[in-house]
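Please examine the sequence and the structure shown here before reading on.

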Amino acid sequence: MQRRHSIRLTCLAMGLLLLAGCASRTPAPDTQRAVGQWEAQQERLAELQDWELKGKAGLRTPQDSTSANLDWLQTPYYFRILLSGPFGSGRSVLEGREGRVSLTTGEGRAEAESPQALMQQELGWSLPVSALTDWIRGLPASDRPHQLEKDELGFPAHLEQDGWEIDYRDWSRVGELWLPRRMKLTYDDLVVTLVVTRWQPEPDEDA
């Protein structure tokens, strides 16, 4: 029973972390943000597709409170999310390409056609992964109702969509872009935190 519970926690955390984001090497102080910067970067923000990042993911439910280290590679055609730490079986890998997603832990391997299908298969329910790919960039998911509150500089502060509440706690400078560095996502009594300690852009042609 304990091993099955570990798999469930791992699937849940990985599903929440299947997002889309961007790249940076060193976070800049939050005080450098200015009015107008968020609006000016909207087009470039929406185009970001490739990155590698490192950070930490936290998960809290009424029954559990745990965290794991995160190493995440994303391209337009492939993603790999590696979680290591207290929950899971030491090392858990979620990978996807060409309509197939797999989850590998110390207890074995599971496959499905999508992250949502994999979560449904392993957990009996799924999360709005497509919406999360927007939320991680500070954007509401398109074509669905939402409520967005901004801070005094015009940056997103609190987003409500699909029954979730997303709080943007801190920001990192990514080249000429500002991106969420610390987020809290809440759905009923489930709380997920994501802290990015390093954004690494995928090597370009000049690298």
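The account begins with the sheet and then turns to the aromatic rings.

This is a predicted model, in which local features need pLDDT of at least 70, side-chain atom pairs count only at pLDDT 80 or more, and totals for chains, interfaces and linings use all residues. Residues are numbered from 1 along each chain as its sequence is written, and side-chain values use heavy atoms, with hydrogens and water left out.

An open sheet is formed by 11 strands in the order E6-E5-E4-E3-E2-E1-E11-E10-E9-E8-E7, with antiparallel pairing. Strand E6 (108-112) and strand E7 (147-150) stand at the edges with a single partner strand each, so one side of each lacks a neighbour in the sheet. On average, neighbouring strands of this sheet are turned by 20° against each other, direction ignored. Here helices (H or I, at least four residues) and strands (E, at least two) are DSSP runs, numbered from the N terminus, and two strands pair if DSSP finds at least two bridges between them. The angles, which run from 0 to 180 degrees between N-to-C directions, refer to axes that are lines fitted to C-alpha atoms, for helices over the stretch in contact.

Strand E5 (residues 100-105) pairs with E6 over 5 bridges in the antiparallel sense, and valine 101 stands opposite alanine 112 in E6. Strand E9 (residues 164-174) and strand E10 (residues 177-187) are joined by 9 bridges, also antiparallel. These two strands form a hairpin with 2 residues between them, and glycine 175 in the turn has a positive phi of about 60°. E10 in turn pairs with strand E11 (residues 190-200) in the antiparallel sense over 6 bridges, where methionine 183 stands opposite leucine 194 in E11.

The structure also holds 7 aromatic pairs. Rings of Phe, Tyr and Trp (its six-membered ring) pair if their centres lie within 6.5 Å; planes under 30 degrees apart count as stacked, over 60 as edge-to-face and the rest as tilted. Tryptophan 38 and phenylalanine 155 have ring centres 5.5 Å apart and planes at 50°, so this pair is tilted. The pair links distant parts of the chain, 117 residues apart: tryptophan 38 lies in helix H2 (residues 37-40), and phenylalanine 155 in the loop between E7 and strand E8 (156-161). Tryptophan 38 counts as buried at 3% relative accessibility, as does phenylalanine 155 at 0%. Buried means under 20% relative accessible area, exposed over 50%, and partly exposed in between (1.4 Å probe, protein chains only). Ring pairs link Trp38, Phe155, Tyr168, Trp171 and Trp178 into a cluster.
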